[in-house]
Amino acid sequence: MECAFTGKISHPCLVNSSKVLLYRRKEMRTQRLYPSTRFKVQVLPDQTHLSLKVGFGKQGSSTDVGLEKIVWPSPNDEIPFWKKNFPSWDTGPAVPVDIKKDSDLMHIIHVTAEMAPIAKVGGLGDVVTGLARACLSRGHSVEIMLPFYECIQKQQITDLVLLTNYNSYHDGNWIPTNAYRGIVSDIPVIFIEPSNHFFKGRQVYGGSYNELEAYLFFSRACLEWMQVTGTQPDIIHVHEWQTGALPLLYWDMYTHLSLKKPRIVSTIHNMEHYGECRQEQLSKCGLDGSIYATTDKAVDDRTIGHNPERLSLLKGGIVYSNAVVTVSPTYLKETLNSGWLASTLIRSRDKYFGILNGIDAYMWNPAIDVFLPAKFHAERPKGKKICKYYVQRGLGLAPESTVAGHQVLDKPQKVPLIVCITRLVAQKGLHLITHAIKRTEELGGQIVVLGTASDGRVQNEFEGLANLHNQGPNVRILLMYR
């Protein structure tokens, strides 16, 4: 997981900006910013070392998986195994302390709509949590700012306290707002809770409020909180279209108030979501939306010549950020060569970088994961067979009689089990998934698909496949992933 950038960056709408280093390193000199400066990315070596001398806790020692202690699930259980109580909502290992620390430390604030595990819809939440933990392990001061969604269970947060009562602007009114602080996955999190109806509902997305206006409010509320509290991080790292207005607000409003120090990094996780925004909607956060309706700022290029032209928060965030990052070098090349934002990204090429997403090798470590029925690692893989059989038993893909004494019989283990966990959207290759279901069954394997679709037609298609296959011995399609 890379968490460091070095070099000089520019705000393309500003000149004579203050001296800056973004995710800076000690050996790099601070230089003055101009619109066409270059920006160098320094990829840090992976400092994550996994010790294999890990026991299996309550499931037994490293030589004893503790099979007799496992309560085997069944498809006939009143409560499916995936809905039963786990040891904790957030029991990932603490941020490792044995990683080499960076010499030039920074204060970094991530502003995001998602964070795993408490507000996770897709990969965005995992990446934000993993990146924050990686930077913490290197000694940086890191916080995440997140809407305090009504669906977040407060018991999932440790040390939750009310930090600040303040007001933030929306549509001509100053909205009383609470800022809470708590710890999630060893990361300090600032939760923003407006007193109006924003972020109410049973899930992260899909409430009864206007999501676009809610995230415009959230973007300004984060900056307002920094101003009210005198917080001046080195980096404000924004993610996806939901926080695309924050760079506009920062450079065109808050730098004229008290925020001077931060520089802005924007990460594009999925360019399919571009934050279409009417000018009058942007104006509700206190900016004049008409100012941004130009091709060199935030106008949605696809709407040029139509009435009225629309804005794109994703494009605005790209233009106004000091650096823009996407999730892999391959995706960077793809976005530069195709899509309506390609011309904007080409103009921003000197500040646009592709850094391959990583994973948190401590949090996703099967040798210590409390959620698994048995632990395993490369030197002692026996627990992996137990986990596979646990899933097979719970989904009805293996007969219950295959457990004899302390042994799991070989028959279910010899059947290949394929698991696909994904959002069911076109860019994930839906035709490949449906083909894999058919071919896996034909070849005698087993396949589990866990996902959900925002498109009603796709959802109906997979519901039909579930009705066709789920009573058989080899396929389970579970349409419940959020």
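The model is predicted, so local features need pLDDT of at least 70 and side-chain atom pairs count only at pLDDT 80 or more, while totals for chains, interfaces and linings use all residues. Residues are numbered from 1 along each chain as its sequence is written, and side-chain values use heavy atoms, with hydrogens and water left out.

Phe191 is also one of the residues with the most contacts inside the largest nonpolar core, together with Tyr149 and Leu282; this core has 91 residues. A nonpolar core is a set of buried Ala, Val, Leu, Ile, Met, Phe, Trp, Tyr and Cys residues joined through side-chain atoms within 4.5 Å. Buried means under 20% relative accessible area, exposed over 50%, and partly exposed in between, with a 1.4 Å probe and protein chains only.

I turn now to the packing of H2. The axes of H2 and helix H3 (residues 245-252) come within 9 Å and cross at roughly 45°. Axes are lines fitted to C-alpha atoms, for helices over the stretch in contact, and angles run from 0 to 180 degrees between N-to-C directions. H2 and H3 are therefore oblique to each other, as angles under 35 degrees count as roughly parallel, over 145 as roughly antiparallel, 65 to 115 as roughly perpendicular and the rest as oblique. From H2, the contact is made by Leu216, Ser219, Arg220, Cys222 and Leu223, and from H3 by Ala245, Leu246, Leu249 and Tyr250.

Finally, some backbone features. The peptide bond from alanine 116 to proline 117 is cis, with omega near 0°. Proline 117 is found in the loop between strand S5 (107-111) and helix H1 (123-137).

Aspartate 171 has a positive phi of about 55° although it is not a glycine. Its place is the loop between strand S7 (158-170) and strand S8 (173-184). Glutamate 240, likewise not a glycine, has a positive phi of about 65°, and lies in the loop between strand S10 (235-239) and H3. Is each buried or partly exposed? Aspartate 171 is partly exposed, with a relative accessible area of 43%, whereas glutamate 240 is buried, at 8%.

Notes:
Helices (H or I, at least four residues) and strands (E, at least two) are DSSP runs, numbered from the N terminus. Contact means heavy atoms within 4.5 Å.
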